[in-house]
Amino acid sequence: MTASRRKHWRRDMTRKLLILMLLALPAAPVQACDTPCPRCHSSGWIDCPRCRHDGGLWCSRCALLKGYCPTCRNTGHVRCPNSRPGKSGNRVSPDLWASAARLGAELIIIEDHSLRLATDVSHEDAHEFFKILAGARRHLRRQFHVPKKTQLWNGRCTVYVFKDRKTYIKFTLDVDHTAEMTHTGAYSRTARNCPLIAISRQGRNGDEIRRIALHELAHVFLDLYRNDTKMPVWLSEGVAQWFEFRHKPKGSRRADCMKRVKTAFARGAGPRIVDILDRPIAPDAAVDYAIAWSLTSFLVERDKARNSDDFRVFVDILKSGTPQPAAMTKAFGMPIDRLERSWRLYIKRTY
């Protein structure tokens, strides 16, 4: 073996040893202190003060290349001093990403102050994916006028992306304990402390995964924006789809949604706005999803045409607890019937 090959072999073995040490960490759960903790936000873990003192972007794979940290053993995290070992009463496991790795997923962790990506895609793709998520966060802040320093949620929103459905199902059952989500391929949990998004990559290309992640991130943002008041189903799904389609309009379901809306409103048909406001949307109700997106898109585009901020005002009023009809009339400055006529004209001209 040449000196060069020995050098590469030693480097490779060192890297594998560090990964094994990471996965060999004790799996005992950590319970946060009895009172709300501003440091760990009920997760039980904080950033390593030795190797992450700069507070910037951190990547588990890049950290391995920088050398070994004896404080956190290259996990990037240490136990919060206000936490204690024990059976956690939280649904949010403090070591979710490590637990997910023990299910068989070789995860790369990339995180900043409010976002964490845990995925088994390539290192290069993981960084590119994280940039897309960070860009989405910036756009949502701009759309709703949220200052950069304003906290969106407590802790980090973790986005899990697993390469196969088997690992995704194991995660829902054994780590996140959300058995009701095993039949889905993606979901979000909008808890104020450490919200979560989980996605299965199986049967989906890279662009589909990105659009799903953006869709779910929009759900998390809208539900936690200003306060924990849940948004109406049509608005939550409408905003999520509008934001998803914005990523790549030509490669998304936008064209199909336009066709469904055009058919539904042909010859003066289609639902009235008052019928949409409190209507539930079944997972397989493609037309209802399309109509929710159409109404949301119309309201957002209306703001752009008028250089106004009525849509954000509408959401703010809803977040204050005002009923939808009153909030809509107050925000857009006209009766719902008049707004509906403008929407129908928008569909006729645009679709």
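Tutor: On a 1 Å grid over the protein atoms alone, a cavity is a set of points where a 1.4 Å probe fits but cannot get out, whereas a pocket is an open set with protein on both sides within 12 Å along at least five of seven lines; lining residues have an atom within 4 Å of a point. Grid points are joined across faces, edges and corners, and a volume is the space filled by probe spheres set on the points. In this predicted model, local features need pLDDT of at least 70 and side-chain atom pairs count only at pLDDT 80 or more, while totals for chains, interfaces and linings use all residues. Residues are numbered from 1 along each chain as its sequence is written, and side-chain values use heavy atoms, with hydrogens and water left out.

Student: How many cavities of 30 Å³ or more are there, and which residues line the largest cavity?

Tutor: There is one cavity of 30 Å³ or more, and the largest cavity holds about 50 Å³ of space. Its lining is made of Trp234, Ile276, Arg279, Ile281, Asp288, Ile291 and Ala292. If Ala, Val, Leu, Ile, Met, Phe, Trp, Tyr, Cys and Pro count as nonpolar, Asp, Glu, Lys and Arg as charged, and the others, Gly among them, as polar, then this lining divides into five nonpolar, no polar and two charged residues.

Student: What is the volume of the largest pocket, and which residues are the closest to its centre?

Tutor: The largest pocket has a volume of about 980 Å³, and of its 34 lining residues the closest to the centre are His215, Glu216, His219, Glu237 and Tyr289. By class, the lining of this pocket has 13 nonpolar, nine polar and 12 charged residues. Helices (H or I, at least four residues) and strands (E, at least two) are DSSP runs, numbered from the N terminus, and helix 6 gives the largest share of the pocket lining, seven residues.

Student: Which residues touch the most other members of the largest nonpolar core?

Tutor: Buried means under 20% relative accessible area, exposed over 50%, and partly exposed in between, with a 1.4 Å probe and protein chains only. A nonpolar core is a set of buried Ala, Val, Leu, Ile, Met, Phe, Trp, Tyr and Cys residues joined through side-chain atoms within 4.5 Å. Among the 76 residues of the largest core, those that touch the most other members are Phe144, Trp234, Leu235, Phe314, Met328 and Trp343. Helix 6 (residues 206-224) brings the largest share of this core, 10 residues. A second, separate core has 14 residues, including Trp58, Leu107, Tyr160 and Tyr187.

Student: Is leucine 117 buried or exposed?

Tutor: Leucine 117 counts as buried because its relative accessible area is 0%, and its place is in strand 7 (residues 115-119). Contact means heavy atoms within 4.5 Å; leaving out residues up to four places away in sequence, leucine 117 touches several others, among them Ile108, Phe129, Leu133 and Val161.

Student: Why does lysine 319 count as buried?

Tutor: Lysine 319 counts as buried because its relative accessibility is 3%. This lysine 319 belongs to helix 11 (residues 310-319), and its contacts beyond four places in sequence include Leu222, Asp223, Tyr225 and Met231. Lysine 319 and leucine 222 are 97 residues apart along the chain, with their C-alpha atoms separated by 9.8 Å.
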